Amino acid sequence: MHTHGSAVIVGASLSGLMTALTLSQIGMRVTLLERSDDTGRTGAALHVPNGLLERITGLPSTQVPQPITPGIQTWFAVHGALRAAIDADPRIELRQNTAVRRVDQDASHAWAVTGSGERVVGDVLIGADGHRSVVRQHVAPHKPDATFAGYVIWIGIADEEAIGSRRWPRDVAFRGDNTNTLLGYPLPGVDGSTAVDSRRLGWAWYDASRNGLLRSSGAVDGNVVRHSLMPAGIPNTTYRELAGQARRLFPSPWSDAVLDSIDRRAVIGTPIAEYVPDQLVRGRLALVGDAAHVPTPMTGSGFAESLYDAEALAEALAAQPVGTGIDAALLDYEGARLRSARGLVQSGQGFSRSFAARAA
Ligand SMILES: Cc1cc2nc3c(=O)[nH]c(=O)nc-3n(C[C@H](O)[C@H](O)[C@H](O)COP(=O)(O)OP(=O)(O)OC[C@H]3O[C@@H](n4cnc5c(N)ncnc54)[C@H](O)[C@@H]3O)c2cc1C
């Protein structure tokens, strides 16, 4: 079924892009507002399901602008493929360098107010603005913030050429001890190639022993995660300590990948936040992705859950008669997604609590 009308989406990372495509597929005009310009983005690895782009665009595989191979892919590869689909869709307008300060609604419209004071109006407004969501402040004012889970994840990617290709892992691996867990994953090359010497190893190191650094740098403030530690913001002493630990704790080739990333100062530290939602919608506003629910990456499901949000939201809106029942459609969306989203975050909290407690 098709609907009409317009949607404003705040945030054009993976959830915002996927939601724009599913809403366009049901006939809505979409304006995406993104504060960044695609530089300085961070991301780990994600599991891409079969036929992802066909599912969310409704196009046959021969018409997908930039196909993506199913399996483990970098954030950048997934983002690139979604961006190509967005650029090819005439119903979607992406506006970068446009930060949203606040959102609001009345009986017939919802809108975002940008940093320059412009009001961008639609029939619905979707918050896809991540774990520190501005839209969540409006949807769930009683519970606006995700909370710090008690540990950081250091992430990096190393080229096979730099670390040597002997004993190349075939699968995701978990290594380490009680307070340091390394999740390693083999990745194709930047061009998608899996040929020897062009592959890469990605790694994510769960570390509950550096909360002092997170607090002194302002990355974590009280219970709230403010920002990631970018490569230049990680002290040299921390790089040296991490290198020593990596040599002791992790076997080759994972230690080689970590040490190569440290040598190049190509490591990002992301303090992990969690958010169990009580609600996903209010009136004409709805949340998707990490704005709606923030699980620890240990669940490995944040991306899949964001895809389900994008699909469920379009399904609920398409089921309503044209021009009516937006509030009811959004409540249907919440009904379809809330339980599963809560369950996912709660399942990860068991890991988070025991992992953080071991280092305390
Ligand atoms: C270290 C790490 C590892 C992860 N590993 C995995 C994994 O292995 N598997 C998995 O499935 N998931 C993983 N995830 C989660 C996954 O990346 C996310 O769930 C998924 O990408 C959806 O994110 P999002 O688009 O909702 O939010 P985000 O990626 O946070 O994007 C939010 C977007 O909104 C923009 N924005 C924010 N505020 C505003 C504003 N006021 N105005 C305009 N724009 C704004 C931001 O610039 C950003 O582009 C991981 C996450 C992290 C942090």
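Guide: The domain bounds used here come from an automatic or database domain assignment. That assignment gives domain 1 as residues 6-145 together with 275-359, and domain 2 as residues 148-273. The centres of domain 1 and domain 2, taken over C-alpha atoms, are 27 Å apart. The model is predicted, so local features need pLDDT of at least 70 and side-chain atom pairs count only at pLDDT 80 or more, whereas totals for chains, interfaces and linings use all residues. Residues are numbered from 1 along each chain as its sequence is written, and side-chain values use heavy atoms, with hydrogens and water left out.

Domain 1 brings 22 residues to the contact and domain 2 brings 28, where contact means heavy atoms within 4.5 Å. Between the two domains about 2,000 Å² is buried, and carbon and sulfur atoms give 71% of it; buried area is the accessible area (1.4 Å probe) that two parts lose on being put together, summed over both. Of the area that domain 1 buries against domain 2, 27% is supplied by Ile 72, Arg 132 and Phe 355, more than by any other three residues.

The interface has zero salt bridges by the rule, which asks for a side-chain nitrogen of Lys or Arg within 4 Å of a carboxyl oxygen of Asp or Glu. Four residue pairs are in polar contact between domain 1 and domain 2, with both residues at pLDDT 80 or more. A polar contact is a pair of N or O atoms within 3.5 Å; within protein, one must be able to donate a hydrogen and the other to accept it, and residues adjacent in sequence count only if both atoms are side-chain atoms.

On the side of domain 1 that touches domain 2, strand S4 (71-74) and helix H10 (326-359) each supply at least two residues. Helix H10 gives the most to this side, with six residues. Helices (H or I, at least four residues) and strands (E, at least two) are DSSP runs, numbered from the N terminus.

Some local details complete the view. The whole structure holds 12 salt bridges. In one of them the side chains of Arg 210 and Glu 241 meet at 3.3 Å, N to O. Arg 210 lies in the loop between S13 and helix H6 (211-216) and Glu 241 in helix H7, so this pair ties together parts that are 31 residues apart in sequence. A cis peptide bond, with omega about 5°, joins Ser 252 and Pro 253, and Pro 253 is placed in the loop between H7 and H8. Asn 97, a residue other than glycine, has a positive phi near 50°; Asn 97 is in the loop between strand S5 (92-95) and strand S6 (100-105).
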